[in-house]
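Dear colleague,

Please find the structure below, handed over to you together with its sequence. Once you have had a look at it, read on for what was found.

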Amino acid sequence: MPPESPPAAAPAPDASAPSPAHQPGLLELFLAFARMSLAGFGGVLVWARRSIVEQHGWMTAEEFNETFALCHFLPGPNIVNLSVVFGSRFRGIAGGLAAFAGLVGPPMVIATILAALYARYGDIDVLRRTLAGVACAAVGLLFAVVLKMMMPLLKRRDVTGLVILSAVFVAIGLIRWPLQIVLLVAVPLSIATTVLARRMVKA
Amino acid sequence: MSSESNPIAALVWTFGLMSLFAVGGANSAIPEMHRAAVEVHHWLTEKQFADMFAISQLSPGPNVLIVTLIGYSVAGVAGALVATVAMCGPTALLAYYVSRFLDRSRDARWPAIIQAALVPLSIGLMAASGLIVAQTSDQSWIAVLITIVAAALAFATRINPLWMLLAGGLLGFAGVV
């Protein structure tokens, strides 16, 4: 299937300079998250930062980092968590819902349309070949993210981290154990070694 | 599980639970989605799963929307909606309460420690995701080469990843892969 062109590219910078004290309303939250979501191919985070910090000035870079760190340590799609935490900070539960709906709603409609097209035309040979090619590249992009995230561990010579990383890779990727069981062992283990390592640095 | 008779219930159960275990985001959850959709419930074939991964990377929005595609193939529009809400809802609720709790307690030490501890886990999970999709998508040497080149370009340059996806699609279209 020919990929649909993005509905809107980079959001045009607003002429009216936003004051830091400006509190976004519900509709504004919905539209801002819808726009960053639709612009975000292969990751919304870059656009979220651009929109929230640079364009609207709703948060300082530091506040954004703290909020994102929180959302990263929680399970689930980080950016979805971010939308809820961010929206509710300004407008309570309704704000969280508005930001969430903006982030997930419009791309979900697109995904549903693509899914319907795939269900109908997925067997056509040209389409199968094209998607196979896209999948090859998409896997490559995923490996690039893995490499980028591994660099800090390699630079720090974080051996325990690398051992845990490899163990999880083998357990999930090669042996194909269920996620819950692996996490039940790996999460406490990793937290324990992290705490231990920090104590040793302090001592 | 006896939920085979009701696909909607199976979607809610599968993705609702996965939502709370998806450490490190959507791309880390790919192996578990694959296990559930291909191996446990037989909703999709290997090829279909790889295709949906490709479509989800191609389309705008958070990568978690691969569950929308899986949901649709199981139970149509209702399935798409239910799968998406099940995958995003529980964790969003959790995020809401945890952030309110932390705002009040202001002890920022534990999130930092847990986050640092989860980093190697989520990298390992994402590497496993790559392997699982690659086992289906990279069936020829040229396919493997495309993956390697895309990885190298995305790692070393700032080219928009969308171009690499489109290039992969064009090569596939041309019948090279």
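Which residues touch the most other members of the largest nonpolar core? In this predicted model, that core holds 121 residues, and the ones that touch the most other members are Ala135(A), Ala138(A), Val168(A), Phe53(B), Ile66(B) and Ile70(B). Its largest share, 17 residues, comes from helix α4 (residues 78-121) of chain A. Because domain 1 (26-121) and domain 2 (158-203) of chain A both give residues to this core, it lies between them. The centres of these two domains of chain A, taken over C-alpha atoms, are separated by 29 Å. As general background, nonpolar side chains in soluble globular proteins tend to be buried together.

Arg176(A), found in the loop between α6 (159-174) and α7 (179-202) of chain A, has a positive phi of about 65 degrees although it is not a glycine. Arg176(A) is partly exposed, because 13 other C-beta atoms lie within 10 Å, and a residue counts as exposed if it has 12 or fewer. In chain B, His42(B) sits in the loop between α2 (30-40) and α3 (46-58), and His42(B), which is not a glycine, has a positive phi of about 55 degrees. His42(B) counts as exposed because it has 9 C-beta neighbours inside 10 Å.

With kind regards

Methods:
Residues are numbered from 1 along each chain as its sequence is written. Chains are lettered from A and ligands numbered from 1 in the order in which they are written. This is a predicted model: local features need pLDDT of at least 70, side-chain atom pairs count only at pLDDT 80 or more; totals for chains, interfaces and linings use all residues. Helices (H or I, at least four residues) and strands (E, at least two) are DSSP runs, numbered from the N terminus. A residue is buried if 20 or more other C-beta atoms lie within 10 Å of its own, exposed if 12 or fewer, and partly exposed in between; C-beta atoms are placed from the backbone. Domain bounds come from an automatic or database domain assignment. A nonpolar core is a set of buried Ala, Val, Leu, Ile, Met, Phe, Trp, Tyr and Cys residues joined through C-beta atoms within 7 Å.
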